[in-house]
Amino acid sequence: MKKHILLGISGGIAAYKSCELVRLLKKQGHKVTVAMSQAAAEFVTPLTFQALSGNPVLADTHSGESGGNGMAHINLTRNADVFLIAPASANTLAKIANGIADNLLTNLAAARKCPLAIAPAMNVEMWFNPANQRNIRQLQADGITIFQPTEGEQACGETGIGRMPEAADLADLIPDLWTPKILAGKKILITTGATFEAIDPVRGITNISSGQMGIALARACRAAGAQVSLIHGQLQTALPSGMVETIQAVSAQAMYEAVHSRISAQDVFISVAAVADYKVKNSSVQKLKKDGSGLPPVIELAENPDILASVSALPNAPFCVGFAAESENVLPYARAKRLKKSIPMIVANEVSKAMGKATNQITIIDEYDETSLPETDKNEAAAAIVERLAQVLKAQ
Ligand code: CTP
């Protein structure tokens, strides 16, 4: 869903990250309008944001407000779906928390009708200052989203919490602001990516899964209000932000253990990982060498546990969603897999249209219905799965 984002920038070195943020939000297809405080314009010029956003920038050149009819603080937020202030200085967020409106950004915040989100950026001592923490709590109590600052080296030379999240992380989290919270409060565990079964210290058995579908689902569940934990094997894509926990599990056995040590706390388990069905029984601690005989080494295989089936067999099993990756007879095989693994929902996809790709063609099969989607972006496929999951959970 394409939105109009009003991006407020207050004074701080983190303003440089907002240049990239504008680019990423535009890439997601949104319209971005930038409003800058006087101090922000000393870090990055309005011209930079004008070029990146493709829209005129409203700069706070004199106190109060600016704009053609003197009503910019009203007009701008009326056209916006969301107002994001990134970076927000301690000073700006303190004013907003207390209803002070004495410059462009604080006027926009006070006069807005749309939701407000704030990404603070400041020195670690300023962040933990009791007055600042009080202001943050007040903003949250007022229904304002705070994108928590991260820890690291700061412009002042100190180290600690107070850095604005990276632009890519903010761009990942921003669509959550307008996504309906249809999975609010649900705890969801997702596995994704390809497992890797070692033959020796440098070689192994794996598959072409990129992890994109599971990552898209993790994002979609998070955006819908769920608390998501992600266990992943090998990935060819970046991890999502805002997870409760992100755990790497290389082999099927490691993934099995990571899943089972967390499963009792979960409402839903979504098994997207492409798990190797077999592991190497005689894997070598040392690198295998050619012995000169011309004969290839014998690799013996042993069956891996079926993680999904083992979870669905638990006495208090969470609601389980599986994926069926098939190269032929997609729907019959997927239907049979759902029954064999005793799971309420399975997503069928054909490997040539799914694995390693940014798009997918899925059919959601559950105990009530089957829904086929046209070939689509994995994010859209994930949103459709989340919608159906919420419906079925509600019907239970
Ligand atoms: N799965 C699992 N553990 C395994 C194998 C598969 O948890 N050892 C899960 C997958 O994450 C997926 C579902 O089971 O959700 C189906 O996986 P798939 O590879 O399509 O099927 P398999 O169960 O391996 O069956 P087959 O090899 O007969 O296709």
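Where is the place of I263? I263 sits in the loop between α11 (252-260) and β14 (268-271). Helices (H or I, at least four residues) and strands (E, at least two) are DSSP runs, numbered from the N terminus. The model is predicted: local features need pLDDT of at least 70, side-chain atom pairs count only at pLDDT 80 or more, and totals for chains, interfaces and linings use all residues. Residues are numbered from 1 along each chain as its sequence is written, and side-chain values use heavy atoms, without hydrogens and water.

I263 has 5% relative accessibility and therefore counts as buried (under 20% relative accessible area; exposed is over 50%, partly exposed in between; 1.4 Å probe, protein chains only). Beyond neighbours within four places in sequence, I263 contacts L189, F269, V311, L314 and P318. Contact means heavy atoms within 4.5 Å. K187 lies 76 residues from I263 along the chain, with 9.8 Å between their C-alpha atoms.

The chain is assigned domain 1 (4-177) and domain 2 (187-395); such bounds come from an automatic or database domain assignment. Their centres, taken over C-alpha atoms, are 38 Å apart. Four residues of domain 1 contact six residues of domain 2. The buried area between the domains is about 420 Å², with 33% from carbon and sulfur atoms. This is the accessible area (1.4 Å probe) that two parts lose on being put together, summed over both. On the domain 1 side, D172, L173 and D176 lose the most area, together 89% of what that side buries.

Three salt bridges cross this interface (a side-chain nitrogen of Lys or Arg within 4 Å of a carboxyl oxygen of Asp or Glu). R222 bridges to D176, with the closest N and O atoms 2.8 Å apart.
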